[in-house]
Structures are given as C-alpha cells and as structure tokens.
Amino acid sequence: MEQPVRRWLVDISGWNPSEDEFSSLVSLLPQHEHSAISRFIKFEDRKRAYISRLLQYSLVHEVLGIHFDKIIINRTIEGKPYLKNGQDMLMNFNFNVSHHGNYVGIASEPVCPVGLDIVSIHIPLHETALELVKNFSSYFTNSEWGKIMNAGSSDDIFSDFLRCWSLKEAFVKALGAGLGYGLHRLEFHHNNWTHISVDIDGVKSTEWRFWHFKIDNLHFATVAKGPPGAAESNQSTLMQVANKEELNTIHPHEDQFIFRTVEDLISVFLREKGLADEFNLL
C-alpha cells in the first residue's frame with residue numbers, strides 16, 4: 001500500500017475555465033458535493049471548493065486504490081471531511097483540507113488526527129490591518145497578543161496575527177472541534193515559527209506537533225498532528241488509540257508539501273472515470 005502521508009498544494013491562480021467547462025467538471029462529482037460548491041456566489045470561491053473536493057478524491061484514490069466512483073466522503077457535524085468506506089484498510093486514516101488566496105491544500109495521516117490551515121496575507125478592503133486584528137483579541141492569550149502587537153509595522157502585526165491564527169485553526173481542525181472550541185484556551189510558543197509547541201488550558205502539551213510553512217511571500221500553511229484518540233468523541237471519525245507498533249510508524253520529520261497542478265488532477269480524474277476522450281477541458 002502507498003505511504004499514506006500526503007502534503008499537497010495546488011495553485012489555482014492560473015486556472016481559468018469557462019463557466020460551461022467548470023459546470024461539466026462539477027457534474028462528475030457525487031451529487032451531494034454539487035450544492036457545497038454552487039452555494040458560493042463568487043466564481044473564485046467555487047473554484048477553490050471544487051479543487052478541495054477533487055484533492056480529497058484524488059488522495060484517497062492514490063493512497064488506498066479505491067476507484068473514484070466507489071469513494072464515499074462525508075463530513076462530520078463540525079465540517080471535517082472523512083472517508084466513510086475503506087476504514088478496514090487503515091483504521092485511523094484521515095485527511096484535512098484548506099484553501100485561501102491562490103492555494104488549495106490537503107494533508108493526510110495514517111494514525112494521528114491531522115489539521116491543515118492555509119492563510120493569505122491579504123488585507124480586506126475598507127478596513128485597516130490594525131482595525132481587523134483588534135476585532136480578534138479575545139481569541140488570544142495575553143502573551144500571544146503582546147507578541148502580535150509588538151511585531152513591528154502594521155504589516156508585521158497583521159502577518160503575525162494571521163500566522164498565529166493559522167496555528168490555532170490547524171489544531172481545532174485536527175481535533176475535529178467546531179467553532180465553539182475556545183481558541184483562547186490555546187497558547188502557542190515558537191522560535192521564529194519553528195519548534196512550535198502549545199499550552200492547552202495553561203498546561204504544556206507534549207503530544208501535539210506543528211509545522212508552519214512559507215508557501216510564498218503572501219501565503220503560509222500550518223499542519224497540526226495530534227495524538228491518536230484526541231479527536232472529538234461525537235465524530236463519525238473517532239480516532240482509535242494506537243498501539244506501540246502503530247506509533248512507531250509515525251514519521252517524526254517534516255513532510256514537505258508537493259505541488260500538484262489542476263491539469264494533472266483533472267486528467268487523472270477523467271482518465272480513471274473513462275472520460276478522457278470525451279472532455280477537452282484542459
């Protein structure tokens with residue numbers, strides 16, 4: 001079986017399908033995915049949502065060898081995607097997706113719950129960086145907030161705010177918790193965004209691992225990996241507690257992101273569905 005650890009990124013900035021081409025591609029996904037994509041008003045948001053789904057099906061297909069038409073992906077109440085079939089192959093296999101700005105990404109793990117968060121350092125119109133940041137002060141501890149506000153220029157403050165927010169988001173997404181999880185309960189420590197650790201409710205955790213990557217000058221990504229059994233108990237994807245043999249398979253090193261192209265993902269998808277000759281979309 002393929003090594004189940006994946007870190008994929010897709011740059012969608014150069015992908016500009018027509019509305020008809022896009023609708024044709026979306027129609028090939030399972031019916032329940034259509035509304036999750038079409039609910040977005042902006043075409044750019046629909047593109048991100050489509051590639052997010054395509055990454056999930058492509059990853060499951062590559063890692064577990066399940067045909068695209070046989071893959072069943074559902075979402076928990078909190079919104080974390082999970083594979084409904086195929087657990088007999090890898091009991092704790094799980095993945096997480098994120099998209100922001102120009103990038104859509106996915107990360108998977110065989111044993112530990114994984115969370116991924118991508119942030120784009122882009123200040124919304126009609127609001128300054130400081131005005132935006134100050135709206136979120138309650139989500140940070142006093143120590144975190146002090147470091148953010150003393151980061152330097154307004155741009156530095158905004159960048160540090162988003163990068164710290166990304167750490168918190170990746171943690172919650174790995175945990176499988178919803179928006180109700182108190183982000184202020186988490187206090188992150190790092191050395192220039194390396195050697196990252198977290199205090200949970202004031203207690204230092206020795207079980208969580210974090211990697212923070214610079215994609216380009218305007219985009220960053222965080223991967224969070226928690227201990228088996230950490231996922232919320234009300235999830236359909238409740239993680240099983242790993243035994244020592246399973247824990248020995250957990251890779252201690254960073255797994256760097258691999259860039260995938262939209263064209264490559266769609267080509268494989270169409271070929272596996274036997275439709276490569278019927279579509280001229282690339």
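Tutor: A search of the whole structure turns up twelve salt bridges (a side-chain nitrogen of Lys or Arg within 4 Å of a carboxyl oxygen of Asp or Glu). This is a predicted model, so local features need pLDDT of at least 70 and side-chain atom pairs count only at pLDDT 80 or more, while totals for chains, interfaces and linings use all residues. Residues are numbered from 1 along each chain as its sequence is written, and side-chain values use heavy atoms, with hydrogens and water left out.

Student: OK, which residue does arginine 46 form a salt bridge with?

Tutor: Glutamate 19, with the closest N and O atoms 3.1 Å apart. Arginine 46 sits in helix 3 (residues 43-64) and glutamate 19 in helix 1 (residues 19-27), so the pair ties together parts that are 27 residues apart in sequence. Helices here are DSSP runs of H or I with at least four residues, strands are E runs of at least two, and both are numbered from the N terminus.

Student: And is arginine 46 buried or exposed?

Tutor: Buried, at a relative accessible area of 13%. Glutamate 19 is partly exposed, at 42%. The cut-offs are under 20% relative accessible area for buried, over 50% for exposed, and partly exposed in between (1.4 Å probe, protein chains only).

Student: What does aspartate 69 pair with?

Tutor: Lysine 273, through a salt bridge with the closest N and O atoms 2.5 Å apart. Aspartate 69 lies in the loop between helix 3 and strand 2 (73-75), and lysine 273 in the segment after helix 8 (262-272), so the pair ties together parts that are 204 residues apart in sequence. Lysine 273 is partly exposed, with a relative accessible area of 22%.

Student: How many bridges join strand 6 to strand 11?

Tutor: Seven, and strand 11 covers residues 219-225. As an example, valine 119 has phenylalanine 220 as its bridge partner in strand 11.

Student: Now the largest nonpolar core. Which residues touch the most other members?

Tutor: Tyr50, Ile51, Leu83 and Phe93, out of 37 residues. A nonpolar core is a set of buried Ala, Val, Leu, Ile, Met, Phe, Trp, Tyr and Cys residues joined through side-chain atoms within 4.5 Å. Helix 3 gives the most to this core, with ten residues.

Student: What is isoleucine 51 in contact with?

Tutor: Leaving aside neighbours within four places in sequence, isoleucine 51 is in contact with Val10, Ile12, Trp15, Val104 and Val262, where contact means heavy atoms within 4.5 Å.

Student: And which residues does the second core include?

Tutor: That separate core has 33 residues, among them Val119, Ile121, Phe188 and Phe210.

Conventions: Pairing = 2+ DSSP bridges.
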